[in-house]
Amino acid sequence: MTRTDMTRTERHWLLAVVAAGTLLRLIGIGWDGWLGLHPDEWNLVQAALRLDWPNRLLPDFFAYNGLAVTLPRLLGAAIALGPPEAHHVYLAARLISALAGGAAIFVAARVALQLAGSRAALLTAGLIAVSEPLIRWSHFGTTESALTLAVLLLWLLAIHAVRAPSRLRDVILPALVTGLALGLKTSAAAFLVLPVSALLLNRARPLRLALPDAVLLVLLAVALMLATSPGMLLDWTTFRAVMAYEGGIVAGTVPVFYTRQFDGSTPLLFELRQLWGIMDGAPLLLAPVGMVLALRSKRWKAALPALGFVLLYGIIVTGWEARFVRYLAPVIPILLVFAGLAADRLLRLPSVTGRVALIIALGVPVASGLSTALGFLAQDPRIAAGRWVTDHAQPGDMVMFEPAEPGVVAFANVESAVLPLEAGLSGDAPPLAEAVAEADILPILSRRHWSVLPRYPGTPLACAYYTGLTDGSFGFRPVATFRREAPLAGLFFPGLAAEETRVVFDRPHVVIFARTEAVPAETIARLLDTEQTCDIGQLAGSFAAR
């Protein structure tokens, strides 16, 4: 029989793993010099700074719900001992993410302990602690870390709920956790599957009692969501409009530049490929093994709520046209718990070769997570590039940036403008050609445009533009390149198949082009006005070789 408690030594090991994992989430927390180079985080912080109690209670921002804004604002004020500035709120938001990420390690271990015992709990804690995406998201003042913690808490409560009924534990506490999660993000409504299914699975609770309890749970969660996000009711018209806009982006009916990367992607296969990359292989392969083992055990009911959630959430997410990797955040800790269960069972097999192979395979995500955490201690490449331009730009030099790049804020004291890239690559070449001819320095701050626009039907001149830029036809040559340095970065850096936010938010490859030859705008326009095809891989090589 599997023990559901831990020895004193095992508890000490668990606390050590939790402490180490939390440290990995805290080091390099000021990775961008508090400039707000993560666009979602920047939006949240700007919304928080607009709050001014009691004069202004609503931030006029509904892409996230109220708790995601007010909680960093309150903690930021405590840190500042008064009205906070932007860096106080960034610090507060990232501390919340990092500490939620650390707490998730402990909760995941408790889940695994209930399912398969103490060794599975320690293995699960280790997998969660070094998980590359969970470490990355813990460095951002957004909601992913808190939502993963909420999912694990709800699963732990569900495990207890399927065993013996208790209205406090099975209804009130899940309603509290779900309501707070909804206060962060409306998409957390899917989390209700965990506590509601647990209520229905407990045979000691008749259906005539389980259904009213489920309704009560949902109503309490919604009430808490509204209490933490009063703007939903007080400014219902704006909230509804924002939700319609955000829903249109997710559904693909509202075109925006940052979803072009998903054109032509295959549902489910795209998500599985992203999971393979961010989970570094072995844990993703182990997860279904752990699911089967859990379902074949005497505690199969404890696994059902999580499996039901993964199935439902997977159906929802793979049905969206927008396939940002952060949408997968709630399922990753569940997959890692099942991977921990599988690793525990496989490590008990008599084959020494098999155990060694498994340990080596699990060493890959360990190395990946450590590399990512240590990388946040390195200087952000956009900050390094900004300093380079400030040091090397001559008086009167014009710096031209590509649009929608948050890294522009790292370039101070230079004369700058934004290229009319969208219109130019869509077919209106002369204005873009004139801007390029006027530029003296042209920083490429991420792959956001060059890796997507050449294969996008709406920008037929993109190949001609990037070919002309990289081969010198426009009179530019690369003079400096910057990357976020990290141990084994070359081994674990995401490739072109990776969803772009895995790169552009915190570890872009920056290339600075400088003019070495004056090329007339008419010549550039003629070079641009030729539709051609190009291989993205070769284009990537042109940038990577700089």
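Let us begin with an open space: the second largest pocket holds about 750 Å³. A pocket is found on a 1 Å grid over the protein atoms alone, as an open set of points with protein on both sides within 12 Å along at least five of seven lines, and its lining residues have an atom within 4 Å of a point. Grid points are joined across faces, edges and corners, and a volume is the space filled by probe spheres set on the points. Of the 38 residues that line this second largest pocket, Phe492, Phe493, Pro494, Gly495 and Val503 are the closest to its centre. The elements giving two or more residues to its lining are H6, helix H13 (269–278), helix H17 (352–375), helix H22 (489–492), H23 and helix H25 (536–544). Helices (H or I, at least four residues) and strands (E, at least two) are DSSP runs, numbered from the N terminus.

Before we go on, a word about what you are looking at. This is a predicted model, in which local features need pLDDT of at least 70 and side-chain atom pairs count only at pLDDT 80 or more, while totals for chains, interfaces and linings use all residues. Residues are numbered from 1 along each chain as its sequence is written, and side-chain values use heavy atoms, with hydrogens and water left out.

Where does the second largest pocket lie? Domain 1 (8–377) and domain 2 (381–545) both give residues to its lining, so the pocket lies between them. These bounds come from an automatic or database domain assignment. The C-alpha centres of the two domains lie 35 Å apart, and 35 residues of domain 1 are in contact (heavy atoms within 4.5 Å) with 29 residues of domain 2.

Next, look at the largest pocket, with about 950 Å³ of space. Its lining has 36 residues, and Tyr64, Lys185, Glu246, Arg326 and Tyr327 lie nearest the centre. Helix H2 (39–50), helix H7 (144–161) and helix H12 (236–251) each give two or more residues to this lining, and H12 gives the most, with six. By class, the lining has 22 nonpolar, seven polar and seven charged residues. In this count Ala, Val, Leu, Ile, Met, Phe, Trp, Tyr, Cys and Pro are nonpolar, Asp, Glu, Lys and Arg are charged, and the others, Gly among them, are polar. The largest pocket also draws at least three lining residues from each of domain 1 and domain 2.

A cavity is a set of grid points where a 1.4 Å probe fits but cannot get out, and the structure holds three cavities of 30 Å³ or more. Helix H6 (132–138) and helix H23 (501–504) each supply at least two residues of its lining, which by class has four nonpolar, three polar and five charged residues. The second largest cavity, at about 60 Å³, has a lining of eight nonpolar, one polar and two charged residues.

Now for the packed parts. A nonpolar core is a set of buried Ala, Val, Leu, Ile, Met, Phe, Trp, Tyr and Cys residues joined through side-chain atoms within 4.5 Å. Buried means under 20% relative accessible area, exposed over 50%, and partly exposed in between (1.4 Å probe, protein chains only). The largest core has 108 residues, and Trp155, Phe191, Phe309, Val337, Phe338 and Leu341 have the most contacts inside it. Helix H4 (residues 86–116) gives the most to this core, with 13 residues. A second, separate core of 31 residues includes Leu419, Leu528, Leu539 and Phe543.

Finally, visit two residues in loops. Most residues other than glycine have a negative phi. Ala404, however, has a positive phi, near 60 degrees; Ala404 sits in the loop between strand S1 (398–401) and S2 and is partly exposed, with a relative accessible area of 40%. Leu488 also has a positive phi near 60 degrees. You will find Leu488 in the loop between strand S4 (476–482) and H22, partly exposed at 49% relative accessible area.
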